[in-house]
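Trainee: I have a protein model to look through today. Could you go over it with me, starting with any term I need?

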Amino acid sequence: MPESPSKKAKAASDFTCDNYVHGRFVAPASGAYLPIESPVTGATIGKVALSTAADIEDAVAHAKKAFPAWSGLTVKARAAIMLKFHELMRKHADELADLVVLENGKNKSEALASVLKGNETVEYACSLPQLVQGKTLEVSRGITCTETRDPLGVIVSVVPFNFPVMVPMWTVPIALTTGNCVILKPSEKVPITMTKVASFLAEAGVPAGVFQVHTAPFLWVAAYRTKIIHGQVEAVTSLVDHPDVSAVTFVGSSPVAQLIARRCRAQDKRVLALGGAKNHLVALPDADLELASKDIVASFAGCAGQRCMAASVLLLVGSGTELLDMVVHRAQNLTRGTGAGQVGAVIDAASQKRIIKYIDDAEAGGATVLVDGRPWATATKGQGYWVGPTVLLHTNPADAAMHEEIFGPVLSVYKVQSGEEALAIENASPFGNAACVYTSHGGHAEYFTRRFHAAMIGVNIGVPVPREPFSFGGLYGSRSKYGDMDITGDGCVEFCTHRRKVTAKWSIHEGSLDRANFAGQM
């Protein structure tokens with residue numbers, strides 16, 4: 001049976017996630033709330049506020065008012081506050097991980113790792129005094145150019161359910177330390193963790209109005225049909241459209257990312273909208289079987305497959321029989337639950353149903369189910385939302401599971417005759433997010449890394465997430481990325497700031513100093 005979330009987390013139904021506005025937690029003007037459900041048990045664990053345009057107007061007004069004083073501080077002063085926040089995140093990492101397990105369904109080790117990874121971006125933000133010093137250069141005789149980075153103003157960050165702490169930390173610490181005010185819109189499915197983090201930011205010294213949280217539900221798109229969760233989208237469109245909001249970051253599905261990007265572009269507003277993915281792993285005959293099989297399973301089944309960096313398709317060059325057998329064996333031996341090494345729950349009933357449909361359709365279309373995760377759903381009916389690791393062996397490369405984002409612990413396997421055939425399949429994907437090659441030969445690795453159609457590439461690493469100062473993001477113009485720059489690292493610094501240039505020329509020439517006048521000014 002699934003291991004229960006830690007008893008350190010608050011008791012079920014105790015959580016009320018109000019909006020965090022101007023340094024206070026306040027009920028929404030509507031007085032309306034949605035229930036928060038734990039994917040581990042299916043039980044209601046709290047409620048989350050439903051915001052309206054009036055709530056958003058209030059938050060933006062406070063952020064706009066707080067901006068001059070916050071941006072007027074030196075970057076060193078803001079980084080000092082971020083350093084205090086970093087220590088609070090470290091001190092309370094275990095508590096935050098328990099909340100992630102409760103509301104997201106990850107296992108405890110994955111939850112803790114996500115908190116610590118988010119705190120790495122906070123650490124990077126603490127180093128910004130050394131990274132955003134600006135430049136000064138005498139570009140011609142008597143003429144200097146000076147470049148500085150100035151904050152944009154109010155930045156809205158809309159984040160998904162799959163990493164309740166880590167993904168918000170991709171933007172929030174860098175945006176704040178560069179002098180911006182931030183309004184965060186977490187997923188209404190996982191609002192508890194960032195509600196807690198808001199109190200740590202306040203304790204660290206972030207002034208009222210500089211960081212705020214609004215928990216309104218959000219627009220989503222499935223099967224190319226637009227739906228509105230619980231009929232509410234007013235608050236989010238109010239955030240995106242507000243004239244005092246300077247920029248928007250979004251992480252979520254590709255159709256919604258495209259909608260947000262187009263909406264911002266229509267208003268000449270800076271936007272970074274990251275969408276979904278269909279990541280390919282290519283295993284060459286010279287791959288290290290032990291290393292590759294372990295990494296492949298971790299990539300597709302880790303975090304229950306609910307990450308945009310998860311492996312989706314494994315292309316075996318040649319027979320690949322021994323490697324596939326090892327992958328199947330490892331996947332079959334995984335267990336469900338929230339303990340270390342276990343596979344956690346998927347987020348909700350709708351996700352569970354969608355994942356199972358992809359498996360059903362693949363099997364009906366002729367794919368062989370080598371590892372079947374559907375019995376987990378049957379065994380836990382009424383006790384949370386579970387789908388076990390699933391490995392599908394396809395004979396038809398046109399199967400939907402080979403091309404569409406499933407966002408669950410499902411790996412599609414297809415055998416190819418050559419590396420060129422594998423590259424043709426990977427290059428044809430419209431996502432352009434991540435790809436990996438498993439090989440023991442440096443020349444083979446270089447051949448594939450140069451030819452993959454993806455922005456984040458791994459060599460024997462199935463989840464090739466860049467670390468600071470490098471940034472995260474898919475290829476521009478692909479279905480994984482719409483808008484400007486990248487997120488985290490130096491890309492986020494670029495996104496959150498204007499480059500301001502001052503060119504100066506003075507009339508004092510060498511050897512012509514008016515000493516009398518100069519002495520009188522001393």
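Mentor: Let us begin with a term: two residues are in contact when heavy atoms of theirs lie within 4.5 Å. Please also keep in mind that this is a predicted model.

Trainee: Fine. Which residues is threonine 171 in contact with, leaving aside its neighbours within four places in sequence?

Mentor: Threonine 171 is in contact with Ser157, Thr249, Ile487 and Cys492.

Trainee: And where is threonine 171 placed?

Mentor: Threonine 171 belongs to helix α6, which covers residues 166-177.

Trainee: Is threonine 171 buried or exposed?

Mentor: Buried residues have under 20% relative accessible area. Threonine 171 has 0% relative accessibility, so it counts as buried.

Trainee: Let me step back. How many helices and strands does the protein have?

Mentor: The secondary structure comprises 17 helices and 23 strands. The radius of gyration is 25 Å, close to the 24 Å from the globule rule for 522 residues, so the protein is as compact as a globular protein of that length.

Trainee: What box do the C-alpha atoms fill?

Mentor: Along the principal axes, the C-alpha atoms fill a box of roughly 90 × 60 × 40 Å.

Trainee: What share of the residues count as buried?

Mentor: Of the 522 residues, 56% count as buried. As for the accessible surface, it comes to about 21700 Å², and 55% of that belongs to carbon and sulfur atoms.

Trainee: What about contacts along the chain?

Mentor: Consider the contacts with a separation of 6 or more: 73% of them are between residues 24 or more positions apart.

Trainee: Which domains does the domain assignment give?

Mentor: The assignment gives domain 1, made of 15-275 + 480-502, and domain 2, made of 279-459. The contact between them takes 22 residues from domain 1 and 25 residues from domain 2. The C-alpha centres of domain 1 and domain 2 lie 31 Å apart.

Trainee: Changing topic to charges: how far apart are the mean positions of the positive and negative ones?

Mentor: The protein has 49 positive and 49 negative charges, and their mean positions are 4 Å apart.

Trainee: Now the backbone. Which residues does a cis peptide bond join?

Mentor: A cis peptide bond joins glutamate 468 and proline 469, with omega at about 15 degrees. Proline 469 is in the loop between β21 (456-459) and β22 (481-483).

Trainee: What is phi of aspartate 268?

Mentor: Phi of aspartate 268 is near 55 degrees, a positive value in a residue other than glycine. Aspartate 268 sits in the loop between α9 (254-265) and β14 (270-274). Threonine 488 also has a positive phi, near 65 degrees, and lies in the loop between β22 and α16 (489-496).

Trainee: Which of those two is buried, and which is exposed?

Mentor: Aspartate 268 is exposed, with a relative accessible area of 75%, whereas threonine 488 counts as buried at 3%.

Trainee: How far is isoleucine 192 from asparagine 460?

Mentor: The C-alpha atoms of isoleucine 192 and asparagine 460 are separated by 36 Å, and the two residues are 268 residues apart along the chain.

How values were computed:
Residues numbered from 1 in each chain as written. Predicted model: local features only at pLDDT ≥ 70, side-chain atom pairs only at ≥ 80, totals over all residues. Heavy atoms only, no water. Helix = DSSP H or I, 4+ residues; strand = E, 2+ residues; numbered from the N terminus. Rg over C-alpha atoms; globule rule 2.2 N^0.38 Å. Buried < 20%, exposed > 50% of the residue type's maximum accessible area, 1.4 Å probe, protein only. Areas by Shrake-Rupley, 256 points an atom, 1.4 Å probe, with all protein chains shown as cover. Lys, Arg positive; Asp, Glu negative; His and termini not counted. Charge placed at Lys NZ, Arg CZ, Asp CG, Glu CD. Domains from an automatic or database assignment.
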